[in-house]
Amino acid sequence: MTALRDMRLGEILVQHGDVHEEQVTEALELQRIRPKRIGEILMDLGYVEEDHVLKALSVQFDIPFEPEIKGQINTALTVKVPLNFIREYQMVPFRQDGEAFLVAVNDPVNLLPLDDLRLLLGGEVVPILCRQGDIQAVIDGYFDQQGENAADMIDSIVLTDGVVGEIQTLDATDSERDLLDLANEAPIIKLINLLISGAVKERASDIHVEPFEREVRVRYRIDGVLYEKLTVPKSQQAAIISRVKIMANLNIAEHRLPQDGRIKIRLSGKEIDIRVSVIPIAHGERVVMRILEKGTFLFGLEELGMDPHDYHLVDRLIKSSHGILLVTGPTGSGKSTTLYAALQRVNSPDQNIITVEDPIEYQMPGIGQIQVRPKIGLTFAAGLRSILRQDPDIILVGEVRDLETADMAIQASLTGHLVFSTLHTNDSAGAITRLVNMGIEPFLVSSSTIAIMAQRLVRRICDYCKEAYEPDIESLVELGIPRQEAAGKVVYRGRGCDRCQGRGYFGRTGIFELLVMTPHIQDLTLKGVDSNVIKREAKKEHMRTLREDGASKVFQGVSTIEEVLRVTRDDLIDEVTD
């Protein structure tokens, strides 16, 4: 055991048989460009689970590992420690063992705060390695300990004519405080805080507040699908909308025009940006809040879910000296995440990278980012024109929306710049037709474009309740599997459990279609052929379509038949009409 303690974490994992030496070497190479610990990188790559890393750390630091503390948490101990302390140091006293207090920790490198815990608890403390999720569950449970949620709050609020007036006088700076510290605020404020904290806890990307004739409906978008959360009495509509407007610094007296704003909050120690959109509709004002957690965008290119062949190909393409790489797909299909991952891979001190976006969703260190402002004339085209005077190596254009932007992007690529951008088309081949229809000459499209990648997001099957089953043949045929090969196939689905809240899905991954502009595809582009012909010829050159990539993920147990069919309907229609 002593010999193992003297080893590095990667060596211990190899010794335990959890990883191969080649995988550790790959993680060490990634560590040069991604400032993460080796255990985190190995987990990001999918080579190990958190438990494997914690067991290795347990050996390395001689700290016991406890895989399950859920049923052992003594809430009488947790309330003795300030929430800010638990949030900052991720340490939770969960059980008393004789005279000693057992403290759940996830980072064995930083144990100095244990001295403060000794003073707070008045006794000896013993660190126990635990999962990050178990510690976060204690933090998230602070509201639960009070026995309240958003639905309970609605029943307890009694509105009077003066409530809206009181809300108008509140200090808007409280949006910068942690929502968990606002537990004793006015009821309507607490209701909004609970709606936001609940959305973050359930991993929602959007909160929809929708007024109707007799009630107000609140829905969360989780993993790309809307779920109804609760309904609010019509009498509380004005107070809720006014509170959100105040938090977003909007005009609460304006009810006739659309408004856009932003809320910055802290929740469980994390900084969260919320983009707020308010529009007038028949029964009041409709609010949509887009939740952006700072830091969650930092996906590596290897984490997006690409097939290994496509991943290595994209990794080479983004290191080209010039040309255009387009990512296509509908709104909410993960295009920005893919481009940010690509920028993160090529970002280095010897590269000058500038972006023009609408909006800037995430701040990236080392990259110059321009926010589009059409009202003052700063359009994509104007921003791109200015960027070219800044001696850039790599340019990201948020979206090619018109001929002027497309023309400037192509000229930039032809003069020695690598350009990343997005386009709204159903598949990769359709992007070529779209550019030509905009007015770009086919010879410019063929000579400037190096690759086009279409993508969609599919929900992942929950790992905790995944089960295998044999589907009916018709479903597999619809997925594109030949009827003669469909019999006896085994696929997977989620039964539904507490972790996924009965949905059977937890998280999302991408499915991709990568069209490389080979000489043959360039010739077809010059001839102005239909996009279906281009797609058919690209498949002959071994391009994997969205549907085929989705089918692959079904058989790998990543997603379900129903989910892949849901997001690839356009692809299926194209196949039928081809």
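The model is predicted, so local features need pLDDT of at least 70 and side-chain atom pairs count only at pLDDT 80 or more, while totals for chains, interfaces and linings use all residues. Residues are numbered from 1 along each chain as its sequence is written, and side-chain values use heavy atoms, with hydrogens and water left out. The chain holds 26 helices and 18 strands, which are DSSP runs numbered from the N terminus (helices H or I, at least four residues; strands E, at least two).

**Whole chain**

- Of the 578 residues in the chain, 50% are buried, where buried means under 20% relative accessible area, exposed over 50% and partly exposed in between, with a 1.4 Å probe and protein chains only.
- Among contacts (heavy atoms within 4.5 Å) with a separation of 6 or more, 64% come from residues 24 or more positions apart.

**Nonpolar cores**

- The largest nonpolar core has 42 residues, and those that touch the most other members are Leu 9, Met 91, Val 103, Ala 104, Leu 117, Val 125 and Leu 129; a nonpolar core is a set of buried Ala, Val, Leu, Ile, Met, Phe, Trp, Tyr and Cys residues joined through side-chain atoms within 4.5 Å.
- Strand β2 (residues 100-105) supplies the largest share of this core, namely five residues.
- A second, separate core of 35 residues includes Met 408, Ile 410, Val 419 and Ile 534.

**Helices α12 and α13**

- Helix α12 (residues 187-201) packs against helix α13 (residues 237-247) at an angle of about 70 degrees, with the axes 10 Å apart; axes are lines fitted to C-alpha atoms, for helices over the stretch in contact, and angles run from 0 to 180 degrees between N-to-C directions.
- This angle makes α12 roughly perpendicular to α13, a label that covers 65 to 115 degrees, whereas under 35 counts as roughly parallel, over 145 as roughly antiparallel and the rest as oblique.
- On the α12 side the contact is made by Ile 188, Ile 189, Leu 191, Ile 192, Asn 193 and Ile 196, and on the α13 side by Ala 239, Ile 240, Arg 243, Val 244 and Met 247.

**Helix α24**

- Helix α24 (residues 546-555) is mostly covered, with eight of its 10 residues buried, and among these are the charged-group names Arg 547, Asp 549 and Lys 553.
- Just after α24, Gly 557 takes a positive phi of about 80 degrees.

- Thr 422, in strand β14 (residues 418-423), counts as buried at 4% relative accessibility, and a polar atom of its side chain lies 2.6 Å from the backbone oxygen of Gly 398.
- Glu 285, in strand β9 (residues 284-293), counts as buried at 7% relative accessibility.
- The side chain of Glu 285 makes a polar contact of 2.8 Å with the side chain of Lys 245 and another of 3.0 Å with that of His 255; a polar contact is a pair of N or O atoms within 3.5 Å, and within protein one must be able to donate a hydrogen and the other to accept it, while residues adjacent in sequence count only if both atoms are side-chain atoms.
- Leu 524, in helix α22 (residues 519-527), counts as buried at 8% relative accessibility, and its C-alpha atom is separated by 8.9 Å from that of Ser 446, 78 residues apart along the chain.
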